[in-house]
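The following explanation leads the reader through one protein chain, beginning with a single residue and widening to the whole. Please keep the sequence and the model in view while reading.

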Amino acid sequence: MADAGGWPGERLVHAAQRGDVDSIAALVSGAHPHVRRFARTLCASPEDAEDAAQEALIILYRKIGMLRASGALASWMFRIVRNECLRRARVLRRDPAPSGDDTVLSAEEEVLRRLEAGRVAAAIAALPADQRRVLVMRDIQGLDGRTVADALGLSGAAMKSRLHRARSAVRCELRAAPETVLGGIGE
């Protein structure tokens, strides 16, 4: 009952939306590895990634009935994980660093890592939908090129072209103004 990308299939999603407890459990279980992989790419630390993945799965469990299109499960879950990782980065920025030289240095490094993860998530979110889908499926979900092309109804060349444009756009965005991320830190 899984689709080509390994995500739980539409029949399972529909059954879960109707409130079938076994289907909800299978849906959460089937989505878990994908959600964890995405969280690891966006969150600054493994601990935050695990927490974000768990929070996303809890939201899936509670709000599966709100999902409009059963085929949109993957993008819905990735949006939830992205938002949770960004929320965690914002909380870290608001929390003051503990005192002590060694701790302050590691806290500063952690803030910078989290800010960078937030920038990557924002750069991916800013992509046009067609490029974002290809990038997420290929680089975040880890699907092979043929599977991505087939799932999106694209030729292999078109999929590669979109993936190249998406990667280039993310790189350009991350190179554009690194000082804006650091503005206010250490000033």
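**A buried phenylalanine and its surroundings**

Phe78 counts as buried because its relative accessibility is 6%, where buried means under 20% relative accessible area, exposed over 50% and partly exposed in between, with a 1.4 Å probe and protein chains only. The model is predicted: local features need pLDDT of at least 70, side-chain atom pairs count only at pLDDT 80 or more, and totals for chains, interfaces and linings use all residues. Residues are numbered from 1 along each chain as its sequence is written, and side-chain values use heavy atoms, with hydrogens and water left out.

Phe78 belongs to helix α4, residues 73–94. Helices (H or I, at least four residues) and strands (E, at least two) are DSSP runs numbered from the N terminus. Between the C-alpha atoms of Phe78 and Ile140, which are 62 residues apart along the chain, the separation is 9.7 Å.

Phe78 also takes part in an aromatic pair. Rings of Phe, Tyr and Trp (its six-membered ring) pair if their centres lie within 6.5 Å; planes under 30 degrees apart count as stacked, over 60 as edge-to-face and the rest as tilted. This rule gives 1 aromatic pair. The ring centres of Phe38 and Phe78 are 4.3 Å apart and the planes stand at 55°, so the pair is tilted. Phe38 lies in helix α2 and Phe78 in helix α4, 40 residues apart, so that the pair links distant parts of the chain. Both Phe38 and Phe78 are buried.

The view now widens to the core. In soluble globular proteins, nonpolar side chains tend to be buried together. A nonpolar core is a set of buried Ala, Val, Leu, Ile, Met, Phe, Trp, Tyr and Cys residues joined through side-chain atoms within 4.5 Å. The largest one here has 46 residues, and Val35, Leu60, Leu73 and Met77 have the most contacts inside it. Among the elements that give two or more residues to this core are α1 (10–17), α2 (21–42) and α4. With contact meaning heavy atoms within 4.5 Å, Leu73 touches Trp7, Pro8, Val13, Leu27, Leu60 and Leu67, residues up to four places away in sequence not being counted.

After α7 comes Gly153, with a positive phi near 70°.

Taken as a whole, the chain has 9 helices and 0 strands. Of its 187 residues, 40% are buried.
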